[in-house]
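Please look over the structure below before reading the notes that follow on its chain contact, a helix pair, its cores and its backbone.

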Amino acid sequence: MKIKRILSSSGGMNALSSLFAIILGLLAGFIILLVSNPSQAVAGFVTILTGGFSDMFNIGQVLYYSMPIIMTGLSVGFAGKTGLFNIGASGQFTFGMYAAVLAAVKCSFLPNPLRCAAAIIAGMLAGAIWGLIPGMLKALRNVHEVIACIMMNYIGMYLVNHLIRVTGIFDQLRNTTVRVPSGANMPSLGLNNFFSTKTAQGSIRPSSLGSGILIAIAACILLYIVLEKTKLGYELKSCGFNREAARYAGINENRGIMLSMAIAGGLSGLGGALVVLAGAGRGISVVDVLAGEGFQGIPVALLGLYNPIGILFSGILIAHLTQGGFLLQRLAFAPEIIDIIVAVIIYFSALALLFKNILSYIFRDKNESPQIEDDDEELEDDEASEADETNSLGSVEKEGELVLVESSLSENKTKDNNNETGGEPGDS
Amino acid sequence: MTLNVLIFIVQQMMFFSIPLLIVALGGMFSERSGVVNIALEGIMIMGAFAGVMYIFITQNSDSSSISGQVLLIIALVIAAVTGIIIALPHGYASIHMKSNQVISGTAINMLAPAFAVYVARMIRTVQQIPFTNQFYIESVPLLGNIPFIGPFFFQKTYITTYLGFVVLIISWIVLYKTPFGLRLRSCGEHPQAADSVGINVYKMRYIGVMISGALAGLGGLVFVIPTATTFDATVAGYGFLALAVLIFGQWRPGRILIAAFFFGLMKTISVAYTSISFLNRLPIPSAVYKMIPYLATLIVLTFTSKNSMAPKASGEPYDKGSR
């Protein structure tokens, strides 16, 4: 009975329809593999599914790749909760990367741990400023945030490419920024050696994972608390649900828009900082191409249903597929198949109504209709918190199941944490 | 001297403005019917991909006796049809499934470049598709010889330039001078009212999305032909810029033309400033020139967006039961 209740709650429903979308996306990927090379298709499909956790090294790489897209996913998702579509995560991410490198290189007067912290904060602030500008234009001048964000992406990219040269952190030989001094990098906490493989020669091949992933996970939990448990989160969400109603209730919607965009920008900027400070030797390539991580945040957020915990798992899922696609090249398949799969998943997750209709037909309950429950959530305070608990519990459990297979220590820990904080009232 | 610079700028401007114009007009039909089409970028890529693929195959087959212009016209038709096919899933999701229109649009934007690269790499192992430019018109017969006007508009050009103006005029007539246009607009403003007088809102919205798909697909190829010699699974963000032009143009054909020309001019300055001697002599770093189109659009929007004239029901799924 309990399972039935969770499934028929809107959270469980959403998670189930996400699951359907993922299955359909993988199916589409399999068909494409089959069409392009029938003899290798099965091997290729197995690589996509299992390549990401075939050994500890690959698990480490999956978590490393998931770090920036979780952050940009959070950025898109947080703005999405306020009813804004933050397509500018790319520019915010780039600006965060730049500010972090600059601070790490120039703040040589600080002791090492402080230097790293200064770089992280600089990245966050730079991203926040880059997010705040479209937010201000939207709130004060009614400029469509999608257009403002797109323009800010390009402006940010060209400006950063220019600033890198002017501020003297340009490495001419590699056409990127100079390496961040190793002392200013974030500590790896032994994660890179834990997630590693032994090569044939017996030497250890460490993965690129560092403590950045812990910050990303912490950000997910923090945002979950902010959105679900604080007055600020409630105000921002109500702006997203119904702007007029929020204004009527005395919420300053303009402030909400600006704050939401600034926080979203800060999250993307933090993601950029985490990437350049990870110690994996990655800098900013000085080319006229927008940073892809920003755009990858959109599917991550959509698949995670804008829920911070959902985003954590969808980020890992997409990173897992990406790593699988990387390994797929050994079978002479183009790794772009992964983007196709993710796109199909996103498309079918948009068809949630289709699945919901099918599901609510199966799990019919006479006094519950998922659509109406959504609207009630924000109106009635007491009920809202209760409904929220069930929702989050449902989605956490389902999302948890999806990635449980590729479980690692840290993941399980977060899952437990959330069940503890979010689950109890719903169980009673 | 200065006249030559001016002619050069106008000729260059067309290459950037016309695709923006066509795609933004496509977006206009979709939004005016009530469906936000953020997938323009992806549809452009798919249209360009199909068109260039056709040109590539034809040019590499032995018996390619087709003249350049005919080849281009066939490729344009293919691009438009591809655009319609790609736009249909977006229409289905946002009209019948009442889904969030941004989501399915994002999915198409993601799918298109991946699909183009994947197919190109599976066929040719590299992702670029080259083509020979047989489509360039040095001077239009007769018209190119007209003094003054000739060099501006009828020399060093492509037929796609004139196609852009044809699309503009037809769009204006269709939208404002036909019963169909009135019905389409009513579906974007107040679908319930439209439905109450017997207009099939779903059908109108599907048509709007299909027109936007056709024009976006067309625009993709129109963008690639004059500005490149290989197709690299990208249209350089022009789909998003077309969206900006659409909003900047306040969802109206005439203003969209102005917006597209404005942006095209800015883009021309940013790309070709080294060939324009008085700009090249200014001590401004190249990054500033590159930023100009985007910065200028942002500034103009800041001062023009206060009274936005967006279609009222754009982006909202039509639900017969709601009031």
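A crossing is called left-handed if the near helix is turned anticlockwise from the far one by less than a right angle, and right-handed if clockwise. This is a predicted model, in which local features need pLDDT of at least 70 and side-chain atom pairs count only at pLDDT 80 or more, while totals for chains, interfaces and linings use all residues. Residues are numbered from 1 along each chain as its sequence is written, and chains are lettered from A and ligands numbered from 1 in the order in which they are written.

**Helix pair in chain A**
- Helix H5 (residues 89-106) of chain A passes H13(A) in a right-handed crossing, where helices are DSSP runs of H or I with at least four residues and strands are runs of E with at least two, numbered from the N terminus.
- The two helices pack at an angle of about 135 degrees with their axes 7 Å apart, the axes being lines fitted to C-alpha atoms over the stretch in contact and the angles running from 0 to 180 degrees between N-to-C directions.
- That angle makes H5(A) oblique to H13(A), a term for what remains once angles under 35 degrees count as roughly parallel, over 145 as roughly antiparallel and 65 to 115 as roughly perpendicular.
- On H5(A) the contact is made by A:Ala89, A:Ser90, A:Gly91 and A:Phe93, and on H13(A) by A:Glu293, A:Gly294, A:Phe295 and A:Gly297, contact meaning that C-beta atoms, placed from the backbone, lie within 7 Å.

**Contact between the chains**
- Chain A brings 35 residues to the contact and chain B brings 36 residues.
- On the side of chain A that touches chain B, the largest share, ten residues, comes from H7(A).

**Nonpolar cores**
- The largest nonpolar core has 233 residues, of which A:Ala100, A:Leu277 and B:Val245 touch the most other members; such a core is a set of buried Ala, Val, Leu, Ile, Met, Phe, Trp, Tyr and Cys residues joined through C-beta atoms within 7 Å.
- Another core, of six residues, lies apart from it and includes B:Cys187, B:Ala194, B:Val201 and B:Tyr318.

- A:Ala332, in the loop between helix H14 (308-328) and H15 of chain A, has a positive phi near 65 degrees.
- A:Ala332 is partly exposed, with 13 other C-beta atoms within 10 Å, given that 20 or more such atoms make a residue buried and 12 or fewer make it exposed, with partly exposed in between.
- B:Ala233, in the loop between strand S4 (230-231) and helix H10 (238-248) of chain B, has a positive phi near 60 degrees, and with 23 C-beta neighbours inside 10 Å B:Ala233 counts as buried.

Note on methods
Contact = placed C-beta atoms within 7 Å.
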